[in-house]
Amino acid sequence: MKSFSFLAVLSILAITLSLSKASDPSSLQDFCVGVNTPADGVFVNGKFCKDPKLVTVEDFFFTGLHEARPPNPKTGSNVTAVNVNNLPGLNTLGISLVRIDYGVYGQNPPHTHPRASEVLYVAVGTLFVGFVTSNPENRLFSKTLYEGDVFVFPQGLIHFQVNVGKYPAVAFAGLSSQNPGVITIADTVFGSNPQIDPSFLASAFQVDPKIVMDLQTKFIKP
């Protein structure tokens, strides 16, 4: 009988442990303000927790997102991110925010967020947006958005936005990670350090190696 009870307990513990690994754990404290040094607390999700007694209201505050940023000459857009790196109170909360300013015909070029889905809200202007599904279909979902419209980009899928209006545009996006990450396709492929062998890329893209080398000169990091 004792043997049976012991086995039953082990079975229940095994089931409980397997279920607990299948979902995010519940928070064990009100917040974990992120800091980069171990002196202030324990390491959680890429950051150390600041001693709660040292936390201030400024740890949960960011200002300036109402201000327009000049577009990058290369892309015609400017992304202002609010994530755990500049708003430490976001640590462990699984959310972040960006503002995107687009010049006329500016774009947020094809990119992915490896750790987050994104919901985009158009505040000003007209945007053409889209995302592409994974292999083998590579299906394009695209739509023209106007002020007040919202569009969702699933996690990890390549997506983009282009200002197709006659005036500058502004969008805000929420992301389901405190630090979603960004992989811009052209920068990653043609601007890697060290560079990928042009012959490999020429074969992958079915183009002349000279075209690849020309692209690499345009995306090389200074």
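Visitor: What percentage of the residues of the chain count as buried?

Guide: A residue is called buried under 20% relative accessible area, exposed over 50% and partly exposed in between, with a 1.4 Å probe and protein chains only. Of the 222 residues here, 33% count as buried. This is a predicted model, in which local features need pLDDT of at least 70 and side-chain atom pairs count only at pLDDT 80 or more, while totals for chains, interfaces and linings use all residues. Residues are numbered from 1 along each chain as its sequence is written, and side-chain values use heavy atoms, with hydrogens and water left out.

Visitor: How many helices and strands does the chain have?

Guide: Helices (H or I, at least four residues) and strands (E, at least two) are DSSP runs, numbered from the N terminus. The chain has four helices and 13 strands.

Visitor: In which order do the five strands of the open sheet stand?

Guide: Strands of a sheet pair through backbone hydrogen bonds, either parallel or antiparallel. Two strands count as paired if DSSP finds at least two bridges between them. Here the order is 4-5-12-7-10, with antiparallel pairing. Strand 4 (77–82) and strand 10 (150–153) are at the edges with a single partner strand each, so one side of each has no neighbour in the sheet. From one strand to the next, the twist averages 20°, where axes are lines fitted to C-alpha atoms, for helices over the stretch in contact, and angles run from 0 to 180 degrees between N-to-C directions.

Visitor: Over how many bridges do strand 5 and strand 12 pair?

Guide: Strand 5 (residues 96–102) and strand 12 (residues 169–175) are joined in the antiparallel sense over seven bridges. Arg 99 has Phe 172 of strand 12 as its bridge partner.

Visitor: Which residues is Asn 78 in contact with, leaving aside its neighbours within four places in sequence?

Guide: Contact means heavy atoms within 4.5 Å. Asn 78, found in strand 4, has such contacts with Arg 69, Pro 70, Pro 71, Arg 99, Ile 100 and Asp 101. A polar atom of the Asn 78 side chain lies 2.8 Å from the backbone oxygen of Pro 70. In UniProt, the annotation "glycosylation site" covers Asn 78; such positions are given in the numbering used here, with feature names shortened, and annotations may be inferred rather than shown by experiment.

Visitor: Is Val 124 buried, partly exposed or exposed?

Guide: Val 124 counts as partly exposed because its relative accessibility is 37%. Val 124 belongs to strand 7 (residues 118–124). Beyond its neighbours within four places in sequence, Val 124 is in contact with Glu 147, Pro 168, Ala 169 and Val 170. Tyr 146 is 22 residues from Val 124 in sequence, and their C-alpha atoms are 7.7 Å apart in space.

Visitor: What is the phi of Tyr 105?

Guide: Tyr 105 has a positive phi of about 65° although it is not a glycine. Tyr 105 is placed in the loop between strand 5 and strand 6 (107–112) and is exposed, at a relative accessible area of 62%.

Note on methods: Polar contact = N/O pair within 3.5 Å; in protein donor to acceptor, adjacent residues only side chain to side chain.
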